[in-house]
Amino acid sequence: MNSSPSSRGANYRYVLRPALRSPAVLYGILLVAVAGAYLWGLRGMVLAVSAWIGLSALMLCRTGERLLARSFLDWKTLDMNAVFGPAVQDELRRVLGPDFQRYDWYVEKSTDLNAFAIGGHAIAVTTRLIDSHRQHQLADEHVVALVLHEYGHHRGELVRFGAALTLLIRPWAVTHRYVRAFARGFANPKIRLKDKLIVGFFLVLSFLVVLQLLGHRAGIVSLSVAGMVCLLALSALLEARLMRAEELRADQVAAELGYGGSLRAVCNIFQDTIPSRLHWYKRATMHHPSWARRAALLPTHNDPPHNTVDSFYS
């Protein structure tokens, strides 16, 4: 059998994402180290960092992925037959063959019309996607096409370390979320200018106090923080570029398995769920190409599969 073009390069591409996430990983480890040192001293710092890295390493096995999915991500186990019906499950079993049993299937409670692949064994769909199928906005073939797209992510191997990375960068993700929420609230036009000036004054004052406490090390720390922020922003931009390319590769896998036309139809449906205008940074750091671009690169109808699941292992 011919090897799939979508799987070429998989032997090295899976290390690119961890490399680009390394600044966020480093930030997370440093934050855990500082917290451990503050609470329990040097020994506590070593134990906290060791425990954090060990728990993240556990996510590389199937048991760890299940722990992450059910405990940290709060995903529920998906009964494919009960939720989507026997037609969807039977078709996936036919297309994926033995690979169907390789994966754990989950549901994420979300208003987004989406599906996810993480680690080496997990595929999840959102509750809104399930509701769209129940309301006949998505047909059986659309659900199969979406699942095959997520299967394409697993075959591309770029999500192999996804579960471990999700935990390692958790401190950075939480910090990023709160900073963004604060910035959004601070920019809210409903907040009086006087209140914004008061908050700004105390922020500047706090910054100056920290510099004073650092003494002669203030310059080095300031440059380090500025460098880390720039590195985090740059890595986020590069990772987004990598993931957009990966989305197109996963689309190609679904097309090679005979569901390109159905996936194109899904892309056209999904276009209505994305805001037409996005902030430039949000647009630059999106992990998905535009639905219009994805649809344009997919066939207009379902061609007979010119690759089988077995070919992805050759």
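Phe116 has 26% relative accessibility, so it counts as partly exposed (between buried, under 20% relative accessible area, and exposed, over 50%, with a 1.4 Å probe and protein chains only). Trp75, at 5%, counts as buried.

A note on the source: this is a predicted model, where local features need pLDDT of at least 70, side-chain atom pairs count only at pLDDT 80 or more, and totals for chains, interfaces and linings use all residues. Residues are numbered from 1 along each chain as its sequence is written, and side-chain values use heavy atoms, with hydrogens and water left out.

Now the rings. Searching the whole structure gives 8 aromatic pairs (rings of Phe, Tyr and Trp, the six-membered one for Trp, with centres within 6.5 Å; planes under 30 degrees apart are stacked, over 60 edge-to-face, the rest tilted). For Trp75 and Phe116 the centres are 6.2 Å apart and the planes at 25°, so this pair is stacked. Trp75 sits in the loop between helix H3 (62-72) and S1, while Phe116 is in strand S3, 41 residues apart. Helices (H or I, at least four residues) and strands (E, at least two) are DSSP runs, numbered from the N terminus. Elsewhere, ring pairs link Phe100, Tyr103, Trp105 and Tyr151 into a cluster.

Next, the sheet. Its 4 strands form an open sheet, ordered S1-S2-S4-S3, with mixed pairing; two strands pair if DSSP finds at least two bridges between them. S1 (76-77) and S3 (115-118) are the edge strands. S1 and S2 (residues 104-108) run antiparallel, joined by 2 bridges. Which residue in S2 is the bridge partner of Thr77? That is Tyr106.
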